[in-house]
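This report goes through one protein model, from the overall layout to single residues. Please keep the sequence and the structure in view while reading.

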Amino acid sequence: VSGESHYYLGRQYILKIFHQPKAMPSVKLLKGQIQVITNSPEKEIISDLLNTWYRHKAKDIFEKRLEEMLPKTLWLKDKPPLRIFSMKTQWGSCSSKGQITLNPSLVKAARVCIDYVILHEMCHIAEHNHSKRFYRLLNQVNPNWQIIKSKLDGMASQLIF
C-alpha cells in the first residue's frame, strides 16, 4: 500500500505506488522512496513486483559482499556458490558441499549485517557446526559479530514478512 514503510540496506523508505494502465511495470529507488509503477491495482501483483526487485537487488549485493569478504577467510581459495532462497526463520545457511544460501530479506538490513551473515556462513565451510572452534573462527574474522547479530535479530520482524 502506498505510504507503507519498507527497508533496503538498513534504511527506511516510503513505498509509493503509481497506477499507470499503459506503463511497463517497474520498481526503482528514487528520492527516498521505493517507487512501484504498475498497470494493475492488485496487491498480489504489486507484492510480486516488489519481491522480485528485492530478490534481484539481493543477488547483486550478496555477490559483491561475498567477494569483499573472501580475503578475510584465509581457508577459502575460491568464492563459494551462492543461492538466494526465502526462509521464514533463517538469514542464511551453508550446505555440507559449501554452498551458501541467503534469505533475500537480508538485503533490507544494513551492510554490516549482511557481511556478518555471509562471514558466519563462510565459517561453516571450515566448521560445519556451532562448536568452540566455529566461534573462535567467527571471532577472528568478525570480532563484533555479537553486537551485529543482536541488532539484526532485533529487526527481524520488520525485515522478514
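The sections below cover the whole chain, its strands, its helices, its core and a few single residues.

## Overall layout

The model is predicted. Its protein chain has 161 residues, and 43% of them count as buried.

The secondary structure comes to four helices and seven strands. Along the sequence they follow the pattern β-β-β-β-α-β-β-β-α-α-α. Among the contacts with a separation of 6 or more, 44% are between residues 24 or more positions apart.

Strand β4 covers residues 33–38. How does β4 pair with strand β2 (residues 11–19), in the parallel or the antiparallel sense? The two pair in the parallel sense, over six bridges. One of the places to look is I14, whose bridge partner in β4 is Q33.

Strand β3 (residues 26–30) runs antiparallel to β4, and five bridges join them. Here L29 has I34 in β4 as its bridge partner. β3 and β4 form a hairpin with two residues between them. K31 lies in the turn of this hairpin and has a positive phi of about 55°.

Five of the six residues of β4 are buried, so this strand is largely enclosed by the rest of the structure.

## The sheet β5-β7-β6

Three strands form an open sheet in the order β5-β7-β6, with mixed pairing. The edge strands are β5 (82–84) and β6 (92–94), each of which pairs on one side only. On average, neighbouring strands of this sheet are turned by 20° against each other, direction ignored.

Strands of a sheet pair through backbone hydrogen bonds, either parallel or antiparallel. For β6 and strand β7 (residues 100–102), the sense is antiparallel, over three bridges. Within this pairing, the bridge partner of G92 in β7 is L102.

## Helices on the sheet

Helix α1 (residues 43–69) packs on the sheet and touches β5 and β7. The direction of α1 makes about 155° with that of β5.

Helix α2 (residues 111–126) lies across β6 and β7. The angle at which α2 runs to β6 is about 15°.

## The nonpolar core

The largest nonpolar core has 46 residues. Which of them touch the most other members? They are F62, L106, M122 and L152. Helix α1 gives the largest share of this core, ten residues.

Leaving aside neighbours within four places in sequence, L152 is in contact with W91, L106, A109, C113, Y116, V117 and L159.

## Aromatic rings

The structure holds five aromatic pairs. One of them is formed by Y116 and W145, which are stacked: the rings lie 6.4 Å centre to centre, with 10° between the planes. This pair links distant parts of the chain, as Y116 is in helix α2 and W145 is in helix α4 (residues 145–159), 29 residues apart. Both Y116 and W145 are buried. Ring pairs also join these two residues with F134 and Y135 into a cluster.

Charged side chains lie over rings in other places. R83 lies over the face of F85, at 4.8 Å from the ring centre. K108 lies over the face of Y54, at 4.7 Å from the ring centre.

S105 is found in the loop between β7 and α2. Is S105 buried or exposed? Its relative accessibility is 11%, and buried means under 20%, so S105 counts as buried. Not counting residues up to four places away in sequence, S105 touches W91, L159 and I160. W91 and L159 are also among the contacts of L152.

R111 lies in helix α2. R111 has a relative accessible area of 51%, so it is exposed, because exposed means over 50%. The C-alpha atoms of R111 and S47 are separated by 24 Å, and the two residues are 64 apart along the chain.

How values were computed: Residues are numbered from 1 along each chain as its sequence is written. This is a predicted model: local features need pLDDT of at least 70, side-chain atom pairs count only at pLDDT 80 or more; totals for chains, interfaces and linings use all residues. Side-chain values use heavy atoms; hydrogens and water are left out. Two strands pair if DSSP finds at least two bridges between them. Axes are lines fitted to C-alpha atoms, for helices over the stretch in contact, and angles run from 0 to 180 degrees between N-to-C directions. Contact means heavy atoms within 4.5 Å. Rings of Phe, Tyr and Trp (its six-membered ring) pair if their centres lie within 6.5 Å; planes under 30 degrees apart count as stacked, over 60 as edge-to-face and the rest as tilted. Buried means under 20% relative accessible area, exposed over 50%, partly exposed in between (1.4 Å probe, protein chains only). A charge sits over a ring if NZ of Lys or CZ of Arg is within 6 Å of the ring centre and within 35 degrees of the ring normal. A nonpolar core is a set of buried Ala, Val, Leu, Ile, Met, Phe, Trp, Tyr and Cys residues joined through side-chain atoms within 4.5 Å.
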